[in-house]
Amino acid sequence: MKAFVVIPTYNERENIEKLIGEVLAQDAGIHVLVVDDHSPDGTGEVVDRLASTSDRVHVLHRAGKLGLGSAYREGFRLALERGADYIIEMDADFSHDPATLPLFFARMETFDLVIGSRYLNGVSVVNWPLRRLMLSYFASMYTRAITGLKISDCTSGYKCFKRRVLEAIDLSKIKSDGYSFQIEMNYRCVEKGFRIGEIPIIFIDRHAGSSKMSKKIVREAILMVWKLKLGSLLNRFLPSGGHRE
């Protein structure tokens, strides 16, 4: 097994070195790919130093803050180029526990995409304000109601893809960011007929740095579910061989 953990960063110097160490400790087949958006705090330089001493640490430097969705798309492409069998999304702020990675790999024997769910067994979120928790929880309910996705946590950013899933999806057409990126990727996986499973995780709010959440991200997610639903309905009425987004 060769797994690439893709970690987008922007000003995560306080977390990144410890996080990379803990991720690599989970399995000898794990590589870390940091996609850094020219962090002013020097996050990219820290990862460069680590990469110079380990062939399991990689860094992709970008010109500026270009968004979470594009960071994952570029990271996915690079991971595929470097022979990854599994590709994992992970946040840089320790809200996703690296010790959960072996559980993902075990479930990948059965599924094509495994999602780390905060809501599979009730609510497993620590240190979030009630407003943020309600936003996330009801976002998943809203998404399920509109799109028909049968996933308890539609916006989770801790997930593991098999290589063939990302090869089957045209990443150049995935333009969304934030919550909506997670929703759209889940939806495209279902469209392609891939099997999706979930494992319970405990999500712990960041202990260093600041949240990247914004009203723009929330608005985009609200609109994305309708875009996916309407696109699906239109495709049903397209003649055979017609154009499909």
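Predicted model: local features only at pLDDT ≥ 70, side-chain atom pairs only at ≥ 80, totals over all residues.
The relative accessibility of Thr-155 is 4%, so the residue counts as buried. The cut-off for buried is under 20%.

Which residues is Thr-155 in contact with, leaving aside neighbours within four places in sequence? They are Arg-118, Ser-136, Ala-139, Ser-140, Tyr-179, Gln-182 and Ile-183.

## The sheet

Seven strands form an open sheet with mixed pairing. Their order is β3-β2-β1-β4-β7-β5-β8. At the edges lie β3 (57–61) and β8 (196–200), and each of these pairs on one side only. From one strand to the next, the twist averages 20 degrees.

Strands of a sheet pair through backbone hydrogen bonds, in parallel or antiparallel fashion. Strand β5 (residues 113–117) and β7 run antiparallel. Three bridges join them. Leu-113 stands opposite Phe-161, a residue of β7.

## Helices on the sheet

Helix α7 (residues 178–191) packs on the sheet. It touches β4 (86–89), β5, β7 and β8. The direction of α7 makes about 35 degrees with that of β7.

Helix α2 (residues 43–51) lies across β1 (3–9), β2 (30–36) and β3. Relative to β3, α2 runs at about 145 degrees.

Technical notes. Residues numbered from 1 in each chain as written. Heavy atoms only, no water. Buried < 20%, exposed > 50% of the residue type's maximum accessible area, 1.4 Å probe, protein only. Contact = heavy atoms within 4.5 Å. Pairing = 2+ DSSP bridges. Helix = DSSP H or I, 4+ residues; strand = E, 2+ residues; numbered from the N terminus. Axes fitted to C-alpha atoms, helices over the stretch in contact; angles between N-to-C directions.
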